[in-house]
Amino acid sequence: MAGIAVVLDHTTAAALYDPKDPFNEAVAAFYVQASGGLGDLYAPVLSLTAGDAERPGLLGYIKGLRFIRIEAFDTDAAVTATELLRFGHSWAAVHAIHAARPSAAHPAGRFLLTLTPKAYAGTGVQAVHPG
């Protein structure tokens, strides 16, 4: 049985970063699953960068976690980002959307773990709340 592939957006990365966040334990459970080889966690660097502007230290913290893979912001991500920005999506969301959409490496896409699933409506991703 293959593990589940999950993308953290800026909201769930912030929840993992802040031990007092009400969803910290729920997001941490995904990290525990990944550490046990039961799935893979990804964090888009542009989403983390935007999140770090609101919560200084977020990017460095997530980067230091062994079982989260940082997704690079490449040219394909930039093309997607410009399209999504034109439709009013935030800088924090555009890279997460790109990372969660179907790709050659993940033909079915990846789940997008977020505290704000409604923000991703109509984007072609499976946005789920950790609670």
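**Entry 1: H106**

I looked up the contacts of H106 and found that H106 touches A5, Y42 and R101, leaving aside residues up to four places away in sequence. I note here that the model is a predicted one. I then located H106 in the loop between helix 6 (91–100) and strand 4 (111–113). Is H106 buried or exposed? Its relative accessible area is 18%, and buried means under 20%, so I wrote H106 down as buried.

**Entry 2: E54**

Next I turned to E54, which I found in helix 3 (residues 45–54). I put E54 down as exposed because its relative accessible area is 66% and the cut-off for exposed is over 50%. I also checked E54 against A14: the two are 40 residues apart in sequence, and from C-alpha to C-alpha they are 9.2 Å apart in space.

**Entry 3: Cavities**

How many cavities of 30 Å³ or more does a search of the whole structure find? The search finds one. For the largest cavity I recorded about 40 Å³ of space. I listed its lining as I4, V6, F30, Q33, A34, L38, G39, D40 and L41. I sorted this lining by class and got six nonpolar, two polar and one charged residues. Which elements each supply at least two residues of the lining? I noted strand 1 (4–8), helix 2 (24–35) and strand 2 (39–44).

Terms used
Residues are numbered from 1 along each chain as its sequence is written. This is a predicted model: local features need pLDDT of at least 70, side-chain atom pairs count only at pLDDT 80 or more; totals for chains, interfaces and linings use all residues. Side-chain values use heavy atoms; hydrogens and water are left out. On a 1 Å grid over the protein atoms alone, a cavity is a set of points where a 1.4 Å probe fits but cannot get out, and a pocket is an open set with protein on both sides within 12 Å along at least five of seven lines; lining residues have an atom within 4 Å of a point. Grid points are joined across faces, edges and corners, and a volume is the space filled by probe spheres set on the points. Helices (H or I, at least four residues) and strands (E, at least two) are DSSP runs, numbered from the N terminus. Ala, Val, Leu, Ile, Met, Phe, Trp, Tyr, Cys and Pro count as nonpolar, Asp, Glu, Lys and Arg as charged, and the others, Gly among them, as polar. Buried means under 20% relative accessible area, exposed over 50%, partly exposed in between (1.4 Å probe, protein chains only). Contact means heavy atoms within 4.5 Å.
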